[in-house]
Amino acid sequence: MDFSWSPEDLAFEAELVAFLDKELPPFIDEWETDGGADDDAPSRGIMGAMAKRQAWQRKLDEGRWAAPLWPAQWGGRDATVSQSVIYTQVMATYRTPGIYNANGIVQIGPAIIDWGTDEQRGRWLPPILDASEHWCQMFSEPQAGSDLANLRTTAILDGDHYVVNGQKVWISSAQIAQWGMCLFRTDPTAIARGRKHEGITMFVVDMETAGIEVRPIREITGDSLFCEVTFHDARIPVAHRLGDENQGWLVSMGALGKERVGSAGQAISMSRDLQKLLQTAKAVNPEALDDPQIRDRVARLHTQIEYTRLLIARALSKVLRGERGWPEVPLAKLQWGYISLWLAELALDVLGPTGALTKGAVEAVDGGVWARNYVWQRYTTIGAGPTEVQKNILADRALKLER
Ligand SMILES: Cc1cc2nc3c(=O)[nH]c(=O)nc-3n(C[C@H](O)[C@H](O)[C@H](O)COP(=O)(O)OP(=O)(O)OC[C@H]3O[C@@H](n4cnc5c(N)ncnc54)[C@H](O)[C@@H]3O)c2cc1C
């Protein structure tokens, strides 16, 4: 493993740190008055923090720090793999607020850059970057989650439009999105022919189109992060197709692969969360920290977080050396899922009864963030690939076990 950064990487880091040192404190001061905290979704939930996220993304864009991985031509910095890791790690260290268009910046924008026409790039990229238009990503369906290629929402060509019918589900922030990047089935015979990865096409959909209905789903947290979206004869212009007809699987694989870049900062965020939890416990329920079982759990969490950080570093080292095969990536996703849950469970045990109080209760600890986390963090074993699917990938590609 080689952990040293190049002079260009160090200059990149220094410029980012200087930007954050100057811009972040006044931003946080300004938004504290709104009841905000140093992270994006303490007790208000992600949807409640969207105004703050929009303002922060605009601030980042002013410094050309909203999408460093994008080409300079489109407002990015042509960041290398190591620079993208530096970026996520520095942002995690500073506990910067979340951004407004996370899907737009990480997955959708790069898909438009790679597969869009010049006209499509010119129309859709600038408002993603400056946070003036919100985007959602509409892939999952009731029978197509882990098995995405099983999707059945159809788009049938009719003149210069496609007519769309079907249903998407678990679509994050669709209720505030102007645009959605969507996978539809343009060849309905493909599944019956046993070629389900074929006959899928990527589209960009105006969420105001007649025939599209968005219904927020209320979660156990009380928030509504994601939605069900139905299509009844919704007409999508041919000009909104991204890539060629029936090329959608290829387009989507690039977009989903980009989702993994963010994992580089997770070990740092989890480590900061553990430190914050211990500080809070010392203040509200210090005796709990004398319990040998609690101390053991804290030590194990610390060790697992450090192991995850090293896993990510090893994956990066392989990428930089051009080596193929990175089982560390699904392993790190597994770790992230487990550790987030352990941390959320430890919080309730270590903080005592007031730790279980939710937002609005007089004695709620840290505005109820730990109680919210306890139910919210269940998502980490499902989102971005369920635990069992990651294990299948490891068994198949890394351990090469027989099926
Ligand atoms: C917070 C959150 C935000 C999301 N946002 C979006 C979004 O913006 N856009 C979008 O398109 N989707 C989104 N999703 C959906 C997400 O992509 C799916 O939930 C995920 O792909 C799993 O699909 P599923 O829910 O249909 O579960 P299923 O695929 O039905 O799986 C359910 C369970 O079955 C088991 N299982 C499934 N397949 C296998 C297998 N091959 N081997 C062993 N066990 C298996 C696993 O235990 C799995 O957890 C979001 C999900 C979450 C939790």
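Analyst: Helices and strands are DSSP runs, numbered from the N terminus; a helix needs at least four residues and a strand at least two. The model is predicted. By that count, the protein has 12 helices and 8 strands. Its radius of gyration is 22 Å, close to the 22 Å that the globule rule gives for 403 residues, so the protein is as compact as a globular protein of that length. The C-alpha trace spans about 70 × 50 × 50 Å along the principal axes.

Now the divisions. The domain assignment gives domain 1 (7-129), domain 2 (135-246) and domain 3 (256-398). The part to look at is the side of domain 1 that touches domain 2. The centres of these two domains, taken over C-alpha atoms, are 26 Å apart. Across the boundary, 15 residues of domain 1 are in contact with 14 residues of domain 2. Which elements give two or more residues to the domain 1 side? They are α2 (45-48), α5 (102-115) and α6 (118-129). Helix α5 gives the most, with 7 residues. By class, this side has 9 nonpolar and 6 polar residues, and no charged ones.

Next, the interior. Of the 403 residues, 36% count as buried. The largest nonpolar core holds 86 residues. Those with the most contacts inside this core are I112, I171, M181, F203, L242 and A347. Helix α10 (residues 328-351) gives the most to the core, with 10 residues.

Neighbours within four places in sequence are left aside here. M181 is then in contact with I108, A111, W135, Q137, M138, M202 and V204. Among contacts with a separation of 6 or more, 70% join residues 24 or more positions apart.

A210 sits in the loop between β5 (200-206) and β6 (212-216). Is A210 buried or exposed? A210 has 8, so A210 is exposed. A210 and I236 are 26 residues apart in sequence, and their C-alpha atoms are 9.7 Å apart in space.

Back to the part in question. The side of domain 1 that touches domain 2 draws most on α5, and no charged residue takes part in that side.

How values were computed: Residues are numbered from 1 along each chain as its sequence is written. This is a predicted model: local features need pLDDT of at least 70, side-chain atom pairs count only at pLDDT 80 or more; totals for chains, interfaces and linings use all residues. A residue is buried if 20 or more other C-beta atoms lie within 10 Å of its own, exposed if 12 or fewer, and partly exposed in between; C-beta atoms are placed from the backbone. The radius of gyration is taken over C-alpha atoms; the globule rule is 2.2 Å times the number of residues to the power 0.38. Two residues are in contact if their C-beta atoms, placed from the backbone, lie within 7 Å. A nonpolar core is a set of buried Ala, Val, Leu, Ile, Met, Phe, Trp, Tyr and Cys residues joined through C-beta atoms within 7 Å. Domain bounds come from an automatic or database domain assignment. Ala, Val, Leu, Ile, Met, Phe, Trp, Tyr, Cys and Pro count as nonpolar, Asp, Glu, Lys and Arg as charged, and the others, Gly among them, as polar.
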